[in-house]
Amino acid sequence: MSQAVVTPPRIGRSSIGALGILALALGTLQSVVEPALPLLQRELGVSSGEGALIGNTLLITGAVVTPIAGKLGDRYGGKRVLIWLMSVVSAGGLLASLAPNLPVLLLGQVLQGVMVGALPLSFILVRKHLSTRESQVAIGVVIALFTGGGTVGTLLAGPISDELSWQWMFALPTIAVGAMTLVVARLMPHDPPAPSDGRIDWLGAALLSGTLLAFMLGLVTVTDGSLSPLATVALAVAVAALATGWVVVERRAPSPMVDLRVLARPVMWHACALTFVITTSFGMVVFLLPQLFALPADGYGFGADTTDIGLFLLPGAIAGAFSDSIGGIAARRFGPRAVIVGGAVITAGTMLALASLHTAEWQLVLAKVLTAFAAGIGTTALMANTATAVEAKDTGIITSLLVVTRVIGVALGAQIAAAILDAGTSTTTGLPSESAFVLGFTVAGVVAALSLLVVHQTKKKAQT
């Protein structure tokens with residue numbers, strides 16, 4: 001007997017607003033690390049590479065959890081899975097706020113990392129309760145508020161750490177996340193789970209998680225130079241073997257975690273390739289600028305403290321939030337290809353110029369504004385275009401893979417930048433040389449320019 005199709009009720013502005021404010025709180029919790037990273041490195045006595053790990057640990061968990069969260073949301077309902085994940089995030093934020101050392105802080109970041117899964121789960125709820133056209137706008141709003149949380153976290157990290165302590169940077173946003181989770185549970189109607197004939201593909205989920213975890217952990221250890229050449233080769237073989245096993249399992253599974261036929265669609269892998277290149281370049285910018293701001297002012301740095309760094313980064317956070325809010329609209333109006341080309345030109349030109357001109361604060365502030373706007377509008381345009389190009393039942397897993405791609409790109413960029421600074425650190429002063437920053441900005445510009453090549457190649461294949 002076939003099951004009756006249940007039409008989900010439409011949601012109003014209050015429900016969308018609740019999702020958006022939860023995303024705002026999550027973005028705040030995620031972003032407090034960026035301006036406070038030099039402070040955390042000093043307080044915990046860690047290097048640039050270990051400092052990058054503080055932020056990237058959160059991203060590692062996100063990369064592992066997000067595809068599973070998206071699939072579970074498709075299968076069992078986005079609201080149910082979202083609330084469960086938020087309880088884990090709250091536990092992680094509490095642990096980070098009580099952390100006495102680096103290992104405990106990293107464990108808190110691991111638990112907080114499941115917040116990345118909130119975005120595809122929010123997209124599931126939006127797609128189930130709104131029309132396609134309304135969904136594009138709502139997705140842009142949720143992403144914009146998540147990015148807007150970066151503005152709040154960037155602005156408040158310094159004052160909170162100065163007036164209270166750096167532990168409170170994690171405690172206060174965690175309280176907001178818990179409160180907004182209760183509001184979402186109250187206002188958002190339950191979304192019916194998608195009909196399914198099979199069980200959850202746990203083997204596929206385990207292999208995908210293992211592949212991502214091995215890749216991300218390998219990325220951290222390889223870029224900091226702690227692995228021997230033989231160990232690096234062994235790790236690469238392990239990642240390749242896990243990835244191959246995942247593909248084999250997914251092709252044979254009656255109800256795969258990821259339908260490879262959908263993943264193979266041009267719109268999907270084009271979006272993944274472009275998102276990866278864009279976010280790798282931006283990840284380098286995100287790491288390099290606070291480090292340069294914090295260097296002593298008697299050299300080529302600016303001697304900025306956490307509050308000053310937050311103020312310097314604030315215009316860029318605002319630009320990123322604004323670009324995210326219009327990314328879906330821009331994709332509908334001009335097409336994602338035109339948006340990507342414009343963003344790549346802006347980012348590449350800005351980074352190459354910054355390699356020569358980085359003697360005044362306004363130059364770095366302007367660079368962050370331009371690159372944040374370009375990265376935000378590009379990745380959101382790709383997200384909105386892809387989310388509405390697949391069937392509603394695949395929204396969670398497809399957007400999850402794009403979020404994972406975005407996470408991996410940012411993490412890769414940050415670790416590359418940290419490796420460049422560590423390699424250029426003076427044995428006398430213990431500080432990175434100016435030439436290391438010049439090299440970092442140049443590499444970021446070249447990587448951004450690669451997206452033009454990706455766009456060109458995908459256009460040629462579309463015409464053949």
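Predicted model: local features only at pLDDT ≥ 70, side-chain atom pairs only at ≥ 80, totals over all residues.
**Helix α2**

- Helix α2 takes in residues 33-44, and its end C-alpha atoms are only 13 Å apart, whereas a straight helix of 12 residues would span 16 Å at 1.5 Å a residue.
- Most of α2 is covered, with nine of its 12 residues buried.
- The buried set runs through V33, E34, P35, A36, L37, P38, L39, L40 and Q41.

**Nonpolar cores**

- The largest nonpolar core contains 98 residues, and L26, L82, M86, F170, F293 and F441 have the most contacts inside it.
- Helix α12 (residues 266-294) supplies the largest share of this core, 15 residues.
- Another core lies apart from the largest one; it has nine residues, including V64, L207, L212 and W246.
- M86, one of the residues with the most contacts inside the largest core, is in contact with L22, L26, M115, A118, V177 and T181 when neighbours within four places in sequence are left aside.

**Cavities**

- The model has three cavities of 30 Å³ or more.
- The second largest cavity has a volume of about 110 Å³.
- This second largest cavity is lined by 14 residues, of which I278, G343, A344, T347 and A448 are the closest to its centre.
- Two or more lining residues come from each of α12, α14 (336-356), α15 (361-387) and α17 (434-463).
- By type, the lining of the second largest cavity has eight nonpolar residues, six polar and no charged.

**A348**

- A348 counts as buried because its relative accessible area is 10%, and the cut-off for buried is under 20%.
- Not counting residues up to four places away in sequence, A348 touches G445, A448 and A449.
- A448 is also one of the residues closest to the centre of the second largest cavity.
- A348 and T442 are 94 residues apart in sequence, but their C-alpha atoms are 8.6 Å apart in space.

How values were computed:
Residues numbered from 1 in each chain as written. Heavy atoms only, no water. Helix = DSSP H or I, 4+ residues; strand = E, 2+ residues; numbered from the N terminus. Expected span 1.5 Å × (residues − 1). Buried < 20%, exposed > 50% of the residue type's maximum accessible area, 1.4 Å probe, protein only. Core = buried A, V, L, I, M, F, W, Y, C linked by side-chain atoms within 4.5 Å. Contact = heavy atoms within 4.5 Å. 1 Å grid on protein atoms, 1.4 Å probe; cavity = no way out; pocket = protein on both sides within 12 Å on 5 of 7 lines; lining within 4 Å. Points joined across faces, edges and corners; volume = space filled by probe spheres on them. Nonpolar A, V, L, I, M, F, W, Y, C, P; charged D, E, K, R; others polar.
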